[in-house]
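Here are my notes on this model, as numbered points. Please read them with the coordinates open.

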Amino acid sequence: MVEVAADIGKERGKKMPICRLCSGTYPREFFIHGNGPNTQVCSRCGVEHGYISKDEAANLYDDTLKSARLSTVTRRYRPFLYLTVLWGLYITTVRSIDPWGWYMLIMLVLLTLASVVLFFTSAAKYSSTLARLTPDYERPKGH
Ligand SMILES: [Zn+2]
């Protein structure tokens, strides 16, 4: 697992460091800064083991921020989940029922087109909401 992650890092032309406490592989900015016990420790382990305070780990999201980010992402992709279920329902059962098969096909085509249009028109709002939910974090020197 660790070797695989290291290989992926090399393919990108960047080595991904491994946390010495949890063996997790993260980009360099998710590691805490310092020597001695702070060497090669990710922000999460740094907070859990008391090497840094929660305020110092600005890129470690607290629970409210985490759930706000998750619901933003979910809201964006939820229509496609519903559409997949509805198309599956149509293909497996409703298609063979006359005339409901046709009604549902027309409705599904309209809904699919509307979702695709909404997906692209709401892209700017989505990225601004996500940017608002991303705390400012300055990458420490040497990282
Ligand atoms: Zn760790």
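Leaving aside neighbours within four places in sequence, which residues is Cys42 in contact with?

1. Cys42 is in contact with Cys19, Cys22, Gly24, Tyr26, Phe30 and Phe31 (C-beta atoms, placed from the backbone, within 7 Å). The model is predicted: local features need pLDDT of at least 70, side-chain atom pairs count only at pLDDT 80 or more, and totals for chains, interfaces and linings use all residues. Residues are numbered from 1 along each chain as its sequence is written.

2. Cys42 also belongs to the largest nonpolar core, with Phe30, Phe31, Ile32 and Val41. Such a core is a set of buried Ala, Val, Leu, Ile, Met, Phe, Trp, Tyr and Cys residues joined through C-beta atoms within 7 Å; buried requires 20 or more other C-beta atoms within 10 Å, exposed 12 or fewer.

3. Ser23 lies in the loop between helix H1 (2–11) and helix H2 (43–48), and Gln40 is found in the loop between H1 and H2. Helices are DSSP runs of H or I, at least four residues, numbered from the N terminus. Ser23 counts as exposed because it has 12 C-beta neighbours inside 10 Å.

4. H3 (residues 63–92) and H4 (residues 100–121) pack at about 160 degrees, axes 11 Å apart (lines fitted to C-alpha atoms over the stretch in contact, angles from 0 to 180 degrees between N-to-C directions). They are therefore roughly antiparallel (over 145 degrees).

5. In the loop between H3 and H4 sits Pro99. The Asp98 to Pro99 peptide bond is cis, omega near 5 degrees.

Definitions and conventions: Helices (H or I, at least four residues) and strands (E, at least two) are DSSP runs, numbered from the N terminus. Angles under 35 degrees count as roughly parallel, over 145 as roughly antiparallel, 65 to 115 as roughly perpendicular and the rest as oblique. Two residues are in contact if their C-beta atoms, placed from the backbone, lie within 7 Å.
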